[in-house]
Amino acid sequence: MTYRTAAISAGGQTRQSRKNRNTVSYVGANTKLGPVSNLIVVSILLALIGLLYLTQITKTSTYSYQLDTLQDQYNEDLKLNQALKEDAARLRSIKRVANADATSTLVDISEETIEFKN
Amino acid sequence: MSNYYQELNSGRTKAIFIVFSFVLVVFLIQLFRLQVVDYDTYRSQALASQQKKFTIPAVRGEIYLDSKDGPTPLVLNETRHIVWVDPTFITSPDEVAKDLAPILKRSERDLKEQIEGALSPGLIFIDENLNGAEIEAIENLNIDALKLTGKDSDEKQVDLYVDFTKIDSTIDIAQKLSAIIDVSENSIISKLSPTQYLEIARDVNLQDATTIEEMELKGVGFVEYSKRVYPEDQLAAQLVGFVNTDGEGQYGIEQYYSDEIKGVDGQFKAVTDTRGVPLRASDDNILIDPVDGAKVSLTVDRSVQAKAEDVLKNQVDKTGAEKGSAIVMDANTGKIIAMANYPSYVPSDYIKVANAGNDNLFVNNAISSPYEAGSIIKIFTVATAIEQGVFDYEGDFYDPNQEVIDDFTVKNTTTFTGTRPTREVITYSLNTGAIYALRQMGSGQINNEAKQALYEGFTDRFRLNQKTQIELANEINGVIREPDDPLSSTIGYANMTFGQGFTVTQAQAASAYASIVNGGTHYSPYIVDNIEYSDGEVVSTESKVIDTNVVSKSTSEAIRDLSEGVLTEGLSNGYQRSGYMIGGKTGSAQLPLPDGTYSDTQTIGSFMGFVDNNLGDNYVIITRIDRPQISGYAGSGAALPMFAEITDWLIDYYKLPPNEELK
């Protein structure tokens, strides 16, 4: 006949032992969470999940703002490009060239003034 | 322990538990209703307030001219700004005016007064034309701020104003007035409230707008808009047209290719934050990209166009003429190298031009002003007769110098009477010679057979009554009466032989003449070289042949020879250049008067000519000048010199190689 003795230690572990056996083992106590603890743990888990979700959403929204900033920059560059294009075209316009100082020094070419080689 | 459970099982505890459970259930049901049953309703409401719609404007297509260096911009877009201020935010109009005036190029004092005026506007108009009962009721209010104008004068109209500086209570005044006059209370309040949007400058460029923005002035804002800009000012204005305030193209290329050039606006619908910044991570976002307008490249050469406009301007100013126009066309392809008009305008100033009543400047006379072209039509009369085989241009004919037809006398400018070479019909522009050609088509009579032959020559053969289909808006067709038209009298058809009594445009005449001098092929004139769409697709225009047998080779040679003779024999101021075959025909058409007769003093001068080096380069140039104030004939005295100057310059510009055989 064997018997087993069990003793609950201060830490809630059950000390298991048998007669004539030099075996001693500690079995973890059958700890159970009470309703309040349960609620707290679940709430913490949900909060963690929520935090994770919020983090990701905030990150995505941040990208939206960055995109918006880039889009604004692109639009500004486009406007600048348009302005420069117009400036370049005006600088090369027929009217401007015709009235330029350099043009006034040009002379008409006539056959007499051209020397052809060969 | 048992007490604890006893307490739990007690009646009160149960009751509280039931109440709380009931409340919880109600909450759960309500939550379910809000979040599941009415989900779509509340979601729509949320989206309606959070979601904003942005229009992404399409960029209007640019227009380019050709040049030796490749396409050169003629019409571009630029972002301009309206600068506005909210006077209610401005604490110191002096300082704002001082900062902005030099940038906006406005007087500091004017700017300051404008801002101060918006804060304290003085007399504000409320209503006009008040009746007697309204006037009496307003006077009975005894409000010092109310002013009735016109009451004490003989004017029949009495208007109501409010003196802003004397208002005690805007709402009080608005309530009392709205009960008397037919203006709503809200409308009156709006008028009496200091404006929060005061425009102080328009058309501000990017650089200046950026400078102002960097000043970070409180109460100063900007509205951006896209504006068409014209770096070449008025060059080719009538070819291009303009864009009106509704964004619609008017005249020219802007109107003809309006759908292609304006593009399609895009759309972006997104949930936004409180500042209106789109939050892009949403399944409800809609993005439709804009389709930018197509870029149009013209066949017109910038330098040739400028030269033609310059020549027109000088001649019109010199002769005191009303206007002028010219076309330069490649006779071997139909490509338009230049199409010029003078006087002209800068397309960006179209509003000023319209307000000044000068809408005529918008018109491209080369395609939209058919006119009685005069003696240049003799070319087509003689060509028709030669093709009919009834006119020997190297033979002779009897010239009576003048003849009476239907009680009208037709005369020549020369005085010779007798037998003379038929080529002189063109060389000396003989009206009687042109009538002779018509008679020959009717076996010696101006009968139905002759009229029909001439009509078919002008219409079927030379297409003078058909639009050229050139890619420009507002092309107008000339009018040629059919032979069986009740108004087609004998004298009417006789006049038609020398270009009176029917109308053509310069474009029609140029393309018809080109079909003769190039050997008999009628090309459809075109002015667009290619269109480049925003997706990269490029659609190029190819030369289009309408008819390959307009005239025979021999007729073509005959007309070329006769045309050359005009400049070498017929005119004292004829133009020639060694190495090139140059010819043409003058026209001095009397202007028709309202009574059906023709003016003896007012004429339209034309010259229709060509330059060919017989080495593959062949250009038709046609010039027109209206009402030049010169002695002599408008064709030879005013139009021909323009042809000569353009042609001479063209040869040098394109470095057309001279032909040894033509020296």
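Helix 16 of chain B meets helix 18 of chain B through K378(B), T381(B), T384(B), A385(B) and Q388(B) on one side and N431(B), A434(B), A437(B) and M441(B) on the other (contact means heavy atoms within 4.5 Å; helices are DSSP runs of H or I, at least four residues, numbered from the N terminus). By class, this contact has 4 nonpolar, 4 polar and 1 charged residues (Ala, Val, Leu, Ile, Met, Phe, Trp, Tyr, Cys and Pro count as nonpolar, Asp, Glu, Lys and Arg as charged, the others, Gly among them, as polar). The model is predicted: local features need pLDDT of at least 70 and side-chain atom pairs pLDDT 80 or more, while totals for chains, interfaces and linings use all residues. Residues are numbered from 1 along each chain as its sequence is written, and side-chain values use heavy atoms, without hydrogens and water.

**Helix packing in chain B**
- Helix 16 (residues 378–388) and helix 18 (residues 431–441) of chain B pack at about 30°, with axes 9 Å apart (axes are lines fitted to C-alpha atoms over the stretch in contact, and angles run from 0 to 180 degrees between N-to-C directions).

**Interface of chains A and B**
- In chain A, 19 residues contact 28 residues of chain B.
- About 2000 Å² is buried between chain A and chain B, 54% of it on carbon and sulfur atoms (accessible area, 1.4 Å probe, lost on being put together, summed over both parts).
- Y65(A), K79(A) and I94(A) lose the most area on the chain A side, together 27% of what that side buries.

**Salt bridges**
- The rule finds 5 salt bridges across the interface of chain A and chain B (a side-chain nitrogen of Lys or Arg within 4 Å of a carboxyl oxygen of Asp or Glu).
- E86(A) forms a salt bridge with R80(B), with the closest N and O atoms 3.7 Å apart.

Notes. Chains are lettered from A and ligands numbered from 1 in the order in which they are written. Helices (H or I, at least four residues) and strands (E, at least two) are DSSP runs, numbered from the N terminus. Buried area is the accessible area (1.4 Å probe) that two parts lose on being put together, summed over both.
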